[in-house]
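I opened the file to look up charges, strand pairing and a few loop positions.

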Amino acid sequence: MSDQSNISDFGVGEVPETNLYECEICGSEFDSAKGRGIHRSKGHEEEEIKRVYIGELQRLADELDRSPSLSDMNQYGNHSSKSYQNTFGSWNEALKQAGLEINEEQNIAKPDLCEEMERLADELERTPTSRDMAENGKYSTANYSRKFGSWNDAVQEAGLEPIREQCVPTEELLNELDRVGEKLGHAPTTVQMKQYGDYGVSTYTSEFGTWNDAVREAGFDPVREKNVSEGDLIDAIHSLGDDLCRTPSAFEMDKVGEYSVGAYERRFGSWNNALQEAGFDLNNRSGVPDDELIAELRNLASRLDRTPRAIDMDSEGQHGSATYTTSFGSWAEALNRADLEHKRILHPDHLDHLARSGYEVEVAEILLDIGIEYEYEGLVIEYEDNRTYTPDFVTEQYVIEVKGHVYRNEEKLAELALEKLSEKQYVVIQDSGPKLPADVHISWDERGKVRRLFE
């Protein structure tokens with residue numbers, strides 16, 4: 001197939017002007033990301049790929065005279081930081097295998113830290129960000145977080161005006177998330193970002209939709225909460241409720257809360273059970289007629305003069321967004337039923353199709369890396385009342401559905417797929433929520449197992 005053809009196999013004059021995809025190992029060029037993925041999986045051994053990546057890490061470290069960061073590699077290196085994370089499991093593991101270390105922090109007195117911040121502010125003629133300090137300052141930003149509790153607290157103690165968070169460029173948000181993650185050695189939680197970062201969590205959720213989507217966009221795997229005490233979970237609900245001055249929704253906890261809704265479902269069985277345990281009234285009525293829900297959704301769209309987001313419904317609508325996902329299976333399906341246009345569509349440059357979540361992007365990258373050809377949303381399954389279900393990826397052997405959080409009424413779609421699919425196996429890759437039925441079920445934390453399906 002053309003996806004597997006090397007551009008060099010054709011005469012130069014015969015190749016139309018197009019985007020070329022270069023193999024970072026040998027330099028061969030291909031006319032699609034799929035073609036490059038097939039070539040890389042068949043033409044290069046894993047150890048060869050690692051040797052090339054390690055060599056580039058060491059070259060960049062020599063050039064910078066220090067261990068490179070994720071952003072250093074993205075800006076100055078020959079490979080993307082994402083390639084290192086996919087190959088080695090994490091950026092820090094790649095550094096270890098390259099024989100490189102992260103600099104140790106020092107214990108600096110508060111007056112010295114404030115003096116350095118004031119010096120940098122004078123130099124920049126504005127309040128410095130933690131990124132400014134990391135790149136141009138004398139001390140590590142971790143010292144400020146340890147001494148003052150957060151970067152903005154340090155800014156205020158130095159007598160400077162905290163940075164406004166409106167209209168922050170996407171690249172700057174990702175760079176800051178990358179910086180904090182690199183200091184911690186893992187993806188930051190919302191609490192850690194509040195403590196160590198320049199920008200508030202709400203700035204990220206406004207830009208990316210959810211905190212975990214922001215984390216994935218920066219190239220990290222979200223931190224999974226394990227063994228969180230019941231008391232800590234309840235305290236987090238009260239804290240978020242105090243911030244909102246009302247009962248928080250599951251959507252709001254996922255976006256700006258300390259823990260994911262999945263942590264509450266694992267501990268209490270459901271979000272509503274957790275709310276009741278915390279002494280809150282429930283947000284979401286059950287049994288609301290579909291027509292009433294659709295009418296309210298259209299009414300909110302008219303008031304906002306745009307397609308509502310789930311968080312808009314939680315803050316300004318008559319029903320919680322969870323009521324919609326319970327009734328329609330997902331927020332996107334509720335928008336479909338109300339004939340409203342979707343807004344959260346991703347168009348990654350390195351894929352030849354759109355994606356509806358960061359989860360889908362990452363699974364597509366895995367399939368490309370191992371050279372598997374697939375169709376995105378290439379199968380439509382029809383069921384009652386002229387509804388349709390479109391799984392995410394279709395390969396020669398498998399139909400793959402990728403899910404973040406799963407609500408219980410989505411089980412019927414999985415059962416429908418199992419019933420309808422006779423020639424292919426149904427694979428579900430899922431992050432949280434009730435386990436969906438499938439021929440093959442893979443948790444998001446173990447998504448690397450997808451590779452084994454095609455061995």
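**Conventions.** I am working with a predicted model, in which local features need pLDDT of at least 70, side-chain atom pairs count only at pLDDT 80 or more, and totals for chains, interfaces and linings use all residues. Residues are numbered from 1 along each chain as its sequence is written, and side-chain values use heavy atoms, with hydrogens and water left out. I take helices (H or I, at least four residues) and strands (E, at least two) as DSSP runs, numbered from the N terminus. For burial I use relative accessible area: buried is under 20%, exposed is over 50%, and partly exposed is in between (1.4 Å probe, protein chains only). The areas come from the Shrake-Rupley method with a 1.4 Å probe, and for residues only the protein chains shown count as cover.

**Salt bridges.** I counted a salt bridge where a side-chain nitrogen of Lys or Arg is within 4 Å of a carboxyl oxygen of Asp or Glu. The search of the whole structure returned eleven of them.

I looked at Arg59 and Glu63 to begin with. Their closest N and O atoms are 2.8 Å apart, and the two form a salt bridge. Both residues lie in helix α2 (residues 46–64), four residues apart, about one turn of the helix. Arg59 is partly exposed because its relative accessible area is 33%. Glu63 has 51%, so Glu63 is exposed.

Next I took Arg447 and Glu362, whose side chains meet in a salt bridge at 2.7 Å, N to O. This pair links distant parts of the chain, 85 residues apart: Arg447 is in the loop between β9 (440–443) and α24 (450–453), and Glu362 is in helix α22 (residues 358–369). Arg447 and Glu362 are both buried.

I also noted Lys403 and Glu401, which form a salt bridge at 3.7 Å, N to O. Lys403 is buried, as is Glu401. Back at Arg59, I found that salt bridges with shared partners join Glu56, Arg59 and Glu63 into one network.

**Negative patch.** Which residues gather in a patch of negative charge on the surface? I listed Asp112, Glu115, Glu118, Asp122 and Glu125. Patches take residues with over 30% relative accessible area and no salt bridge, joining like charges within 9 Å and nonpolar side chains (Val, Leu, Ile, Met, Phe, Trp, Tyr) within 5 Å. Lys and Arg count as positive and Asp and Glu as negative, while His and the chain ends are not counted. The place of a charge is NZ of Lys, CZ of Arg, CG of Asp or CD of Glu. Glu125 sits in the loop between α6 (110–124) and α7 (130–136). Glu125 counts as exposed because its relative accessibility is 73%.

**Strands β8 and β9.** Two strands pair if DSSP finds at least two bridges between them. Strand β8 (residues 425–432) pairs with β9 in the parallel sense, over four bridges. I read off Val440 in β9 as the bridge partner of Val427, and His441 in β9 as standing opposite Val428. Val440 and Ile442 make up the covered face of β9, and His441 and Ser443 the uncovered one. Seven of the eight residues of β8 are buried, so β8 is largely enclosed by the rest of the structure.

**Backbone at Glu377.** Most residues other than glycine have a negative phi. Glu377 is not a glycine, yet I find a positive phi of about 50° there. Glu377 lies in the loop between β3 (375–376) and β4 (381–383). Glu377 is partly exposed because its relative accessibility is 23%.

- Gly159 is in the loop between α9 (151–157) and α10 (170–184). At 63% relative accessibility, Gly159 is exposed. Its C-alpha atom is 9.9 Å from that of Thr127, 32 residues apart along the chain.
- Val399 is in strand β7 (residues 398–405). Val399 is buried, at 0% relative accessibility. The C-alpha atoms of Val399 and Ala417, 18 residues apart along the chain, are 8.9 Å from each other.
- Gly320 is in the loop between α19 (310–316) and α20 (321–328). Gly320 is buried, with a relative accessible area of 8%. From Gly320 to Ala250, 70 residues apart along the chain, the C-alpha separation is 8.9 Å.
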